[in-house]
Amino acid sequence: MYQSKIAGIGYYVPKNVYTNNDLTRFMDTSDEWIQERTGIKERRYADRIGETTTTMAVEAAKIAIERANITTEEVDFVIFATLSPDYYFPGCAVLLQREMGMKEIGALDIRNQCSGFIYALSVADQFVKTGMYKNVLVVGSEKHSFALDFSTRGRAVSVIFGDGAGAVVLQPSTETGSGILSTHLHSDGADAEKLAMYYPGASSGIWLDQMPNWPEQELGGLLMTKEMLDDGTAFPYMDGQTVFKKAVVKFPEVIHEALAKNGLTASDIDLLIPHQANLRISQFVQKTLGLTDEQVFNNIQKYGNTTAASIPIALCEAWEEGKIKAGDLICLAAFGAGFTWGSALIRW
């Protein structure tokens with residue numbers, strides 16, 4: 001059986017920078033309020049027209065493919081992680097396959113939100129190490145800005161998220177003890193509604209009782225209405241305290257699981273790249289694991305939470321800055337809506 005290695009990596013973020021002060025034009029907030037709660041100073045927003053979840057993914061994928069020293073025609077499977085697809089269906093994986101002129105290869109969409117890239121990487125790892133595919137393109141891409149509530153009512157959520165994309169190419173390797181050492185995936189749906197976007201979905205019909213003047217057959221349980229916009233139910237919802245409390249437990253837990261699987265300890269980690277959910281969560285996890293600042297990479301300050309894109313963006317940026325070298329032990333970990341969480345341990 002082969003080992004899976006990351007042969008190429010790339011990322012793309014939109015050119016439009018929105019600082020915390022820029023957001024004060026839309027909502028009652030401040031730079032101090034946002035930084036104190038999240039650590040975020042600025043984020044990127046995609047162009048409203050023309051720049052999509054797929055087009056950003058294409059830009060990141062081009063870089064990853066070039067760095068892997070292959071051509072687009074040599075990619076034989078695509079895995080695309082996102083919670084903000086261009087269409088409700090079909091998924092973005094086939095749109096990327098079309099945009100990049102790939103062969104009629106398999107294309108899979110992953111809907112695991114903040115843990116999406118870890119889940120996608122784990123799936124790709126199975127395909128590569130069993131010899132089924134030789135060049136698997138794994139993408140995480142998000143365009144959050146089109147569906148956020150840019151008002152004081154929605155500020156607790158909207159100030160957190162940004163847009164961007166990251167991608168890696170996985171290839172087989174016969175070098176023992178290198179590449180992806182193991183991946184670990186978990187979920188618990190008990191608190192699924194604590195971090196969710198209820199619309200669109202077949203259960204959107206639960207709002208019908210709030211709109212007695214609308215005939216059910218006309219709504220079909222799916223149409224977005226003025227009432228849903230007015231009361232905020234059309235926008236993402238987050239119970240921040242619940243998410244924080246769960247994340248600071250599951251992050252260290254799944255990291256220790258990966259280390260134990262490979263007979264290692266936290267001190268062996270050269271670089272931890274956590275999902276960029278909240279700088280306060282990352283700092284708490286760092287302290288719990290007893291890691292130094294040099295052992296943890298954060299870039300949420302510049303990009304906000306880009307959900308499925310956050311880990312590949314951070315991984316690529318860390319590599320470009322020379323913080324990742326051959327032989328380094330890299331740990332990736334994520335926690336998000338679902339709740340889902342996971343980790344991956346990589347010998348670079």
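Which residues is Asn-305 in contact with, leaving aside its neighbours within four places in sequence? Keep that in mind as you open this predicted model.

**Stop 1: the annotated site**

Select Cys-114, His-275 and Asn-305, which an unreviewed UniProt entry lists under "active site". These residues are spread over 192 residues of sequence, yet they cluster in space, with a largest C-alpha distance of 8.8 Å. Now show the largest pocket: Cys-114, His-275 and Asn-305 belong to its lining.

Centre on Asn-305, in the loop between helix H11 (300–303) and helix H12 (310–320). To settle the opening question, display Ile-40, Cys-114, His-144, Ile-160, Phe-161, Gly-162, His-275, Gln-276, Ala-277 and Ile-300, which are its contacts. Asn-305 has a relative accessible area of 4%, so it is buried.

Move on to Cys-114, in the loop that runs between strand E5 (106–110) and helix H5 (116–129). Its relative accessible area is 10%, under the 20% limit, so Cys-114 counts as buried too. Beyond four places in sequence, Cys-114 touches His-275, Asn-305, Thr-307, Ala-308, Ala-334, Phe-335 and Gly-336.

**Stop 2**

Gln-113 counts as buried because its relative accessibility is 18%.

Then pick Thr-307, in the loop between H11 and H12. Thr-307 also has a positive phi, near 50°, without being glycine. With a relative accessible area of 1%, Thr-307 is buried.

**Stop 3: two cis peptide bonds**

Go to Phe-89 and Pro-90, joined by a cis peptide bond with omega about 0°. Pro-90 sits in the loop between strand E4 (77–81) and helix H4 (92–99). Another cis bond links Gly-338 to Phe-339, with omega about -15°. You will find Phe-339 in the loop between strand E12 (329–336) and strand E13 (340–347).

**Stop 4: the nonpolar cores**

For the largest nonpolar core, of 40 residues, start with Leu-121, Val-136, Ile-273, Leu-315, Ile-330 and Leu-332, which touch the most other members. H5 is the top contributor, giving eight residues. Colour domain 1 (3–173) and domain 2 (179–191 + 238–347): both give residues to this core, so it lies between them.

Zoom in on Val-136, whose contacts beyond four places in sequence are Asp-76, Phe-77, Ile-79, Ala-124, Val-128, Val-168, Val-169 and Leu-170. Finish with a second, separate core of 27 residues, whose members include Ala-277, Val-296, Phe-339 and Trp-341.

Notes. Residues numbered from 1 in each chain as written. Predicted model: local features only at pLDDT ≥ 70, side-chain atom pairs only at ≥ 80, totals over all residues. Heavy atoms only, no water. UniProt positions renumbered as here; feature names shortened; annotations may be inferred. 1 Å grid on protein atoms, 1.4 Å probe; cavity = no way out; pocket = protein on both sides within 12 Å on 5 of 7 lines; lining within 4 Å. Helix = DSSP H or I, 4+ residues; strand = E, 2+ residues; numbered from the N terminus. Buried < 20%, exposed > 50% of the residue type's maximum accessible area, 1.4 Å probe, protein only. Contact = heavy atoms within 4.5 Å. Core = buried A, V, L, I, M, F, W, Y, C linked by side-chain atoms within 4.5 Å. Domains from an automatic or database assignment.
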